[in-house]
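Trainee: I would like to check the words we use for this model against the cut-offs behind them. Could you take me through it?

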Amino acid sequence: KLQKQKEESQQQQKKLQLQKQQMKEKDRKDRLDLQRRKREETRKRETMASMRDNYDEYDEDPKDRTSRRKFAGSSDHHSSHSQSNSASASSNTVSTPQQRLVKYMKPVFAKLWDMEFANLGNTNPFRIVIDKTTCAGMGLPDYCQIIKKPMNLSYIRDNMEQARYESLQQFFADVELMIQNALLYNSDQNNDYHLAAKEMHVLFKKVAGVLVKKLKGLQKQQKQHSKK
């Protein structure tokens, strides 16, 4: 009987030790989770503050081709085009296939540019340029280590205005890249920027689908007309 009581006592002690270990592990995980949330909140506040400082710089009507376009920096993705800007401006009286494509891109682009996210202070972070020259100042020093090819609405607008897109697929690819970059960098599915990227993706798929359907209808009409 004494032996049995001793064994039961030992088992009880083991259970208590296990419970203590589990509680310690839970406390450790809770502390780590709290620290992570604090870092997320700090990063969000710093980014929001930086966005407010720079927001007016990009808060322009995309239809206004004479609007001020002062970028916080330029990425390697666009540096090779800088010398062609003056030539494009001087030849704006000639309608090229690339320039004609822009009229189809504009409605899609305008929908994305005009988006504002309530959980981000009614701003649109996708307008803001984040690259090697700006990421540290915006509280995102690791951004360009994770995101190899930055993309944003301001870059896309620049490409449209300079008629650099040779196809709608190139335009769609840049929008998709921008959204996927945001999802990758803000991988937490509850992160406000992750949610904003998903919301933009839904809208983009919708308006792009409408455009593709419209273009297919126009192609069908042209074929029918050519047969006549």
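Mentor: Gladly. Let us begin with N122, which lies in the loop between α4 and α5 (143-146). This is a predicted model, in which local features need pLDDT of at least 70, side-chain atom pairs count only at pLDDT 80 or more, and totals for chains, interfaces and linings use all residues. Residues are numbered from 1 along each chain as its sequence is written, and side-chain values use heavy atoms, with hydrogens and water left out.

Trainee: What is the phi of N122?

Mentor: Phi of N122 is near 55°, a positive value in a residue other than glycine. That stands out because most residues other than glycine have a negative phi. A163, in the loop between α6 and α7, also has a positive phi of about 55° and is not a glycine.

Trainee: How do you know whether A163 is buried or exposed?

Mentor: Set the value against the cut-offs: buried means under 20% relative accessible area, exposed over 50%, and partly exposed in between, with a 1.4 Å probe and protein chains only. A163 has 17%, so A163 is buried. N122 has 46%, so N122 counts as partly exposed.

Trainee: How much of the protein chain do buried residues make up?

Mentor: They account for 37% of its 228 residues.

Trainee: What is called a helix here?

Mentor: A helix is a DSSP run of H or I with at least four residues, while a strand is a run of E with at least two, and both are numbered from the N terminus. On that basis the protein chain has 8 helices and 0 strands.

Trainee: Why is the pair of E25 and R28 called a salt bridge?

Mentor: The term asks for a side-chain nitrogen of Lys or Arg within 4 Å of a carboxyl oxygen of Asp or Glu. The closest N and O atoms of E25 and R28 are 2.7 Å apart, so the pair qualifies. Both residues lie in helix α1 (residues 2-58), 3 residues apart, about one turn of the helix. E25, at 33%, is partly exposed, and R28, at 38%, is partly exposed too.

Trainee: Which residue does D30 meet in a salt bridge?

Mentor: D30 meets K26, at 3.1 Å from N to O. D30 and K26 both lie in helix α1, 4 residues apart. Here D30 is partly exposed at 39%, whereas K26 has 52% and is therefore exposed.

Trainee: How many salt bridges does the rule give?

Mentor: The count comes to 4. Another one of them joins E176 and K205, with the closest N and O atoms 3.8 Å apart. E176 lies in helix α7 (residues 168-185) and K205 in helix α8 (residues 192-227), so this pair ties together parts that are 29 residues apart in sequence.

Trainee: How do you know how α6 and α7 run relative to each other?

Mentor: Axes are lines fitted to C-alpha atoms, for helices over the stretch in contact, and angles run from 0 to 180 degrees between N-to-C directions. The axes of helix α6 (residues 153-161) and α7 come within 10 Å and cross at roughly 170°. Angles under 35 degrees count as roughly parallel, over 145 as roughly antiparallel, 65 to 115 as roughly perpendicular and the rest as oblique. The two helices are therefore roughly antiparallel.

Trainee: Which residues in α6 and α7 meet?

Mentor: With contact taken as heavy atoms within 4.5 Å, L153, I156, N159 and M160 in α6 meet F171, D174, V175 and M178 in α7. By class that gives 6 nonpolar, 1 polar and 1 charged residues. Ala, Val, Leu, Ile, Met, Phe, Trp, Tyr, Cys and Pro count as nonpolar, Asp, Glu, Lys and Arg as charged, and the others, Gly among them, as polar.

Trainee: What makes a set of residues a nonpolar core?

Mentor: They must be buried Ala, Val, Leu, Ile, Met, Phe, Trp, Tyr or Cys, joined through side-chain atoms within 4.5 Å. The largest one has 35 residues, of which F126, L153, I156, F171, M178 and M200 touch the most other members. Helix α8 gives the largest share, 9 residues. Apart from this core lies another of 9 residues, including I130, C135, M138 and Y185.
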